[in-house]
Amino acid sequence: MRAFGLTEYGAPAVLREVQLPEQHAGPGEVRVRVRAAAVNPVDAIIRSGGFAGNDRAIAEPVVPGTDVAGVLDEVGPEQPEGFDLVVGDSVTGFVVPDGSHGGYSERIVLPTLSVTRMPSSGSFARGAAFLSNALTAEITLEHLALEPGQTLAVTGATGAVGGYLVQLAAARGITVIADARPADAQRVRGLGAAVVLDRDTDFTAGVRDATNGRGADAVADPAVLTDQVVDAARDGGQVAFYLPTDVDPGRGISVFGSYVMRSNLRHDAIERLARSVERGELTADVADVVPAADAAAAHERLERGGLRGRLVLEF
């Protein structure tokens, strides 16, 4: 089975074609013939060896990839109650990468609860372009549990997680303060932000001004500014971080450390997000579609930044 992965951590050039044994669906699992796999920032962290424990020798090829769309080609026994997919259905799936088990593969076996019917309103590329980032935002908002009318400040609102935080929070009636460069300000307002701050100015000062000096009820920091933005939260508020950090905001502020991989079996949320994309309530923007063999070049483009939407590998 063809996949694209690495046998040593490093720069994008380490990504190459690898051959893996074919896997079959077991109890409570399905197999997907992958047609599209999104290229996400977490994939670059995996590739570079940025996660803890990745300083040891690689025993088998490491295959990145958390978002896939394709065609169901095998259904295992003992499926969960209510399962209604059949071989040949187009599906979207969320992958927890582990060694050679990653989305940049021709076929992948997944827990049935990690898979849902692909949004009918788009291509395989769009079907692969949203799930892990939208689920990250959804789990964050569930944890923060803000009420309508409360304020959420979002860094990196033009990025994938930031954009979904804006959309999903605004849909809950939360007042969103977000940052963007002037050229992207209108786009972020269109996602639902009530206030858009110039990304090149002081984020904390802007949030404080927008909240009459009080600070936001919660700050979500997908731009990973950490200690630079904690003062944007009010006393007793909340901050959500998306990479491990030892920052302690003080002032009674609680910290949520987001780790979406723990939510791969949240089929209720996965299904809800896919149907929201289908109805046009959530974006599933694709920056470009490239052959899977160009995975290394796609990672180079990802690291240059400036993308609006996901790069997608086509199988």
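## Glu106

Does Glu106 count as buried or exposed? This is a predicted model, and in it Glu106 has 18% relative accessibility, so it counts as buried, the cut-off for that being under 20%. You'll find Glu106 in the loop between strand E5 (90–94) and E6.

Leaving aside residues up to four places away in sequence, Glu106 touches Met1, Arg2, Val32, Arg33, Val34 and Phe315.

## The second largest pocket

Now for some open space. The second largest pocket holds about 220 Å³. It has 14 lining residues, and the closest to its centre are Met1, Gln23, Ser100, His101 and Val109. Met1 is also one of the residues that Glu106 touches.

Which strand gives the most to this lining? That's E6 (residues 107–111), with three residues.

## Helix H4

Helix H4 (residues 160–171) has twelve residues, and at 1.5 Å a residue they should span 16 Å; the end C-alpha atoms are 17 Å apart, which agrees. After H4 comes Gly173, with a positive phi near 85 degrees.

H4 is largely enclosed by the rest of the structure, because nine of its twelve residues are buried. The buried ones are Val161, Gly162, Gly163, Tyr164, Leu165, Val166, Gln167, Leu168 and Ala169. What does the covering? Both helices and strands are involved: helices H3 (131–144), H5 (185–191) and H7 (267–278) are among the elements over these buried residues, and so are strands E8 (151–154), E9 (175–180) and E11 (216–221).

Key. Residues numbered from 1 in each chain as written. Predicted model: local features only at pLDDT ≥ 70, side-chain atom pairs only at ≥ 80, totals over all residues. Heavy atoms only, no water. 1 Å grid on protein atoms, 1.4 Å probe; cavity = no way out; pocket = protein on both sides within 12 Å on 5 of 7 lines; lining within 4 Å. Points joined across faces, edges and corners; volume = space filled by probe spheres on them. Helix = DSSP H or I, 4+ residues; strand = E, 2+ residues; numbered from the N terminus. Expected span 1.5 Å × (residues − 1). Buried < 20%, exposed > 50% of the residue type's maximum accessible area, 1.4 Å probe, protein only. Contact = heavy atoms within 4.5 Å.
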